[in-house]
Amino acid sequence: MAVFRQAIAVTDGNYIAEANLGSALFAAGQKEEGLAHYREALRLHAPALAYHRQAAREAEERGEDAVAIQHYGKVLTLVPTDAGVRERLGGVLLRTGEYGRALAQFNEALRYEREAVQPRLGIARALVGLGRMAEARGLLEAVLQMEPANEEAGALLRSFPPGAD
C-alpha cells in the first residue's frame, strides 16, 4: 500500500495508483477508504472510460468486433461491475462464435443485475451456441415466467427444432 500512496503523493491524476490502492485497502478490510480511492480512480479516468465505451459502440457498428472487444475490455478493467458493458461485450462475443466467453460475460452481468432479463437471454443464446439446449430451454421458460410477453424469448424457444434437448 505504501508504494501506491507514494505514487499518488508524487504524481497528478494517477488513476492506476488510486485503483490499486483502493483494491489493496478493500482487500485489507478497509472498505470505506478503499471505495473512496476507487471513486477517485473512476473520476480521474472518466474521460477515457467514455472514450472506450464510444469507440466500442462505433467499432460494433462498423462490424469491427475485435476492436469492440478490446475497448469493452478496457472499460471492464476499471469498472468490472458495469453490467451494461458486460452485456454488450457478451453480444459481440456471441457474434464471433466465442460462446464460452460470451456466457461468462452474461453470467457476470447477471451477477450485478440479478433481476435483469437481458443477461438471461444472452446466457440462453450462448447455451444454444454451445449445444446445451435443455439448459437454454429452461432459462427461456424462466424468462417467460418473469415476462410472459417477452417476444425474444418466445421466438428463440420457437426456433428450437422438435426434440432439441
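**Helix pairs and ring contacts**

Me: Is the crossing of α3 and α4 left-handed or right-handed?
Reply: α3 passes α4 in a left-handed crossing. Left-handed means the near helix is turned anticlockwise from the far one by less than a right angle; clockwise is right-handed. Helices here are DSSP runs (H or I, at least four residues; strands are E, at least two), numbered from the N terminus.

Me: What kind of model am I looking at?
Reply: This is a predicted model, where local features need pLDDT of at least 70 and side-chain atom pairs count only at pLDDT 80 or more, while totals for chains, interfaces and linings use all residues. Residues are numbered from 1 along each chain as its sequence is written, and side-chain values use heavy atoms, with hydrogens and water left out.

Me: Back to α3 and α4. At what angle do they cross?
Reply: Roughly 160°, and the axes of α3 (residues 31–62) and α4 (residues 65–78) come within 8 Å. So α3 is roughly antiparallel to α4. Axes are lines fitted to C-alpha atoms, for helices over the stretch in contact, and angles run from 0 to 180 degrees between N-to-C directions. Under 35 degrees is roughly parallel, over 145 roughly antiparallel, 65 to 115 roughly perpendicular, the rest oblique.

Me: Which residues meet there?
Reply: Among them are Leu42, His45, Leu49 and Tyr51 in α3, and Val67, His71, Tyr72 and Leu78 in α4. Contact means heavy atoms within 4.5 Å. By class, this contact has 12 nonpolar, three polar and four charged residues. Ala, Val, Leu, Ile, Met, Phe, Trp, Tyr, Cys and Pro count as nonpolar, Asp, Glu, Lys and Arg as charged, and the others, Gly among them, as polar.

Me: OK, α1 and α2. How do they pack?
Reply: α1 (residues 2–10) and α2 (residues 15–27) pack at about 150°, axes 9 Å apart. They are therefore roughly antiparallel. This crossing is left-handed. Phe4, Arg5, Ala7 and Ile8 of α1 touch Ala17, Glu18, Asn20, Leu21 and Leu25 of α2. That divides into six nonpolar, one polar and two charged residues.

Me: And which way do α8 and α9 cross?
Reply: Left-handed. Axes of α8 (residues 133–146) and α9 (residues 151–159) come within 9 Å, crossing at roughly 150°. Leu140 and Leu144 of α8 are among the contact residues, as are Leu156 and Leu157 of α9.

Me: New topic. What sits over the ring of Phe26?
Reply: The charged end of Lys31, 4.4 Å from the ring's centre. The rule asks for NZ of Lys or CZ of Arg within 6 Å of the ring centre and within 35 degrees of the ring normal.
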